[in-house]
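Hi,

Here is the structure I promised to pass on. Please open it alongside this note; what I found follows below.

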Amino acid sequence: MAPRNLSDGNPFFQKQMYNMIELFATERLRSLYPRIKAFLEEEIYPFEAEWLQMPFKEVEKILRAKREKVKSLRAWNPYHGESHGGAGLNLMEVAQLGELLGRSPFGHFTFNCQAPDAGNIELLLLYGNEEIRQRYLHPLLEGEIRSCFSMTEPGLAGSNPVLMATTAVRDGEHYVINGHKWFTTAADGAAFAIVMAVTNPEAESPYKRASMIIVPTDTPGFERVRNIPVMGHPGEGWHSHGEIRYTDVRVPAGNLLGPEGGGFMLAQERLGPGRIHHCMRWIGICERAFDLMCRRAASREIAPGRALGQMQMVQSFIAESRAEIDAARLMVLHAALKIQEQGQHAAAAEISTIKFFAANVLHKVVDRAVQVHGALGVTDDTLLSYYYREERGARIYDGPDETHKASLARKILKQYGVKA
Ligand SMILES: Cc1cc2nc3c(=O)[nH]c(=O)nc-3n(C[C@H](O)[C@H](O)[C@H](O)COP(=O)(O)OP(=O)(O)OC[C@H]3O[C@@H](n4cnc5c(N)ncnc54)[C@H](O)[C@@H]3O)c2cc1C
């Protein structure tokens with residue numbers, strides 16, 4: 001069956017999407033994909049430039065109205081199962097939708113599958129007891145509240161997360177939490193944080209010392225010190241990274257997720273599919289930047305009758321970007337398929353590979369698109385400066401490039417007898 005309504009007015013992009021959906025789409029995706037694409041084209045893309053100049057809290061009000069429309073499209077919570085009001089897609093299908101939604105800075109948020117909530121929803125689905133589900137999971141699934149994930153600390157290397165100073169000490173029916181975190185994305189306006197804290201300092205394995213605990217943000221002792229400015233952008237609401245102090249924060253012991261000392265085990269559950277989500281969102285961004293680059297190459301004359309796109313070096317940017325984006329997509333879909341069929345443990349090498357490969361493709365494609373735009377590329381008159389600023393972190397969060405490369409190389413070399 002041929003896909004319907006896949007054009008966004010750009011013949012090349014239409015063909016790309018056609019190829020992809022022809023190769024990998026299921027009937028379910030063929031039905032959902034064009035509806036979501038049409039919605040983005042009509043309700044989101046035309047307003048992005050304006051929204052990016054507005055305070056996020058104002059944009060959030062507009063997006064809340066858009067979210068109601070999304071619910072009526074039966075496309076709400078596309079990453080979650082049907083019994084949780086979602087689309088019931090498998091990881092391969094989710095990945096392909098993730099790319100489509102990633103083509104807009106507002107795509108994931110409008111469909112309620114934005115980070116960090118999507119990952120937190122998965123954790124609560126797997127480990128939340130009935131009370132937690134009622135109080136935190138259901139409002140998240142309905143999009144009534146937001147959440148955040150609080151693990152990284154300013155004073156210790158986040159790339160070695162077992163280094164953790166935040167503690168949660170059991171006191172009767174409560175945990176008392178003390179610590180200092182930062183880069184808690186979307187803490188501003190979140191109803192609760194999932195906090196990683198040391199509960200079992202005596203455990204032999206450092207991977208069994210920390211736990212995940214839900215902390216409502218209105219608990220006394222929870223202090224959002226500031227939104228951390230990122231490359232000149234102060235950040236606000238969902239679109240922010242918070243510095244948080246936890247001072248004698250007392251929460252019920254029932255707010256523990258999973259077993260005590262099981263925090264890193266839970267984090268692994270969250271990270272495998274989460275990396276597929278991030279990588280496919282980045283590929284969506286790459287396609288957007290690629291499209292802008294091609295349009296500029298076609299429309300900008302550098303001499304009378306000579307388009308920028310006639311210059312070989314610009315053609316090289318375009319050809320290399322095309323090849324790299326397509327390679328990254330296939331690698332991510334392969335990793336998604338392996339997780340889907342064999343579980344994330346079996347796909348550990350593929351997950352590391354896509355994390356650094358796709359983040360670097362994103363970095364290169366956005367940079368080339370900025371270059372082709374000249375001075376315009378560094379202004380806020382296109383989406384490119386937003387991507388350049390906001391997505392530099394892709395090579396750092398969820399494991400910096402270097403840790404994933406080291407992990408992959410160790411796995412490979414182990415087969416050649418090289419000790420870790
Ligand atoms: C945009 C963004 C959003 C984030 N969101 C969240 C969030 O919601 N919640 C949360 O808890 N945290 C979040 N983080 C924090 C993120 O997880 C950490 O920044 C990351 O784990 C790296 O830790 P670090 O910043 O302390 O860097 P460090 O650990 O100090 O590492 C610094 C650099 O050292 C190098 N390096 C590290 N290890 C090695 C190695 N083994 N070999 C060679 N080089 C190495 C890498 O280049 C790395 O970038 C976010 C970060 C960013 C940028």
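Which residue in strand 3 does Asp171 stand opposite? It is His174. Bear in mind that this is a predicted model.

Strand 2 covers residues 167-171 and strand 3 covers residues 174-185. The two run antiparallel, paired over five bridges. Two residues lie between them. Gly172 sits in that turn, with a positive phi of about 65°.

Strand 3 has another partner. It pairs with strand 7 (residues 241-252), again in the antiparallel sense, over nine bridges. There, Val176 has Arg250 as its bridge partner.

Last, the domains. The protein chain splits into domain 1 (11-119), domain 2 (147-257) and domain 3 (264-414). The centres of domain 1 and domain 2, taken over C-alpha atoms, are 29 Å apart. Their contact uses 10 residues of domain 1 and nine of domain 2. On the domain 1 side, helix 4 (56-72) and helix 7 (117-127) are the elements that give two or more residues. Helix 4 has the largest share, three residues. That side divides into five nonpolar, two polar and three charged residues.

Best wishes

Methods:
Residues numbered from 1 in each chain as written. Predicted model: local features only at pLDDT ≥ 70, side-chain atom pairs only at ≥ 80, totals over all residues. Pairing = 2+ DSSP bridges. Helix = DSSP H or I, 4+ residues; strand = E, 2+ residues; numbered from the N terminus. Domains from an automatic or database assignment. Contact = placed C-beta atoms within 7 Å. Nonpolar A, V, L, I, M, F, W, Y, C, P; charged D, E, K, R; others polar.
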